[in-house]
Amino acid sequence: MKTKEDFLEGQLLLVDKPLNWTSFQVVNKLKWGIRKAFNLKKIKVGHAGTLDPLASGLLIICTGKFTKKITQIQGQTKEYTGTITVGATTPSFDLETKVNKTFATEHITSELIQNTLSQFLGEIEQVPPVFSALKKDGKRLYEYAREGKEVEVKKRKVTISEFEITTIKLPEIEFRIVCSKGTYIRSIANDFGKALNSGGYLSALRRTKIGDYNVNNAIDPTTFEETLPKRKSLE
């Protein structure tokens, strides 16, 4: 069992973030659990790369002195599995917002899907979703989006080292992707739909790896709390 000193000196914790949790909620739960277990007034706890509430999977949490490693961990390649639903688009490029347009899918074949993959390999340019936490003029993009204001979002270069289709059950296309820091999988889904001369949005996403760290070795936040010693609440 880990001690107070272990957490203060620094721990790297692999957490399997549940669906509908924010990354901030996961950090808070672990932070409060550690403080409560060891009667600590404060301890540094942070995550190395946000996951959207609608995504599940690997979230790396650093405690104590290991919070200095966060930037280094964030820069590593990431692997995701997920589902693109074709034939429609949403403003957020995922299920956070409702479908705003529908498109034909009759022309989409397995061959077309496989042939389209090559457009998304290597260094590509993508436009981040307007429903994202990126800042423009000191304001989060999603704040503009929720106010119904149009804002120009600049393209950015990202690298896709692997992209494979694992299952096709139209309108759903399941995939596995390995990509660089800063890649928006929601944007990949939207752009992939366009490349198929249809529409597409991300309907499921799970982060499976960050560098050499694998979600198979991660635990959910509640299970982590159960590994801590039981102590009285903070006064």
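Analyst: Helices (H or I, at least four residues) and strands (E, at least two) are DSSP runs, numbered from the N terminus. By that rule the chain has seven helices and 13 strands. The model is predicted, so local features need pLDDT of at least 70 and side-chain atom pairs count only at pLDDT 80 or more, while totals for chains, interfaces and linings use all residues. Residues are numbered from 1 along each chain as its sequence is written, and side-chain values use heavy atoms, with hydrogens and water left out.

Now the pairs. Side chains of opposite charge can pair when their charged atoms come close. A salt bridge here is a side-chain nitrogen of Lys or Arg within 4 Å of a carboxyl oxygen of Asp or Glu. The structure holds eight of them.

One of these joins glutamate 9 to lysine 65, with 3.2 Å between the closest N and O atoms. The two residues are 56 apart in the chain: glutamate 9 belongs to helix 1 (residues 4-9), and lysine 65 to the loop between strand 3 (55-63) and helix 3 (70-74). For accessibility, buried means under 20% relative accessible area, exposed over 50%, and partly exposed in between (1.4 Å probe, protein chains only). Glutamate 9 is partly exposed because its relative accessibility is 46%. Lysine 65, at 49%, is partly exposed as well.

Another salt bridge is formed by aspartate 16 and arginine 206, whose closest N and O atoms are 2.8 Å apart. Aspartate 16 is in strand 1 (residues 12-17) and arginine 206 in strand 12 (residues 200-210), so this pair ties together parts 190 residues apart in sequence. Arginine 206 has a relative accessible area of 27%, so it counts as partly exposed.

Glutamate 162 and arginine 176 also pair, with the closest N and O atoms 2.4 Å apart. Glutamate 162 lies in strand 10 (residues 156-169) and arginine 176 in strand 11 (residues 172-179), so the parts tied together are 14 residues apart in sequence. Arginine 176 counts as buried because its relative accessibility is 18%, whereas glutamate 162 is partly exposed at 37%. Through shared partners, salt bridges join Glu79, Glu162, Glu164 and Arg176 into one network.

As for the chain as a whole, 45% of its 235 residues count as buried. A contact means heavy atoms within 4.5 Å. Among contacts with a separation of 6 or more, 71% are between residues 24 or more positions apart.
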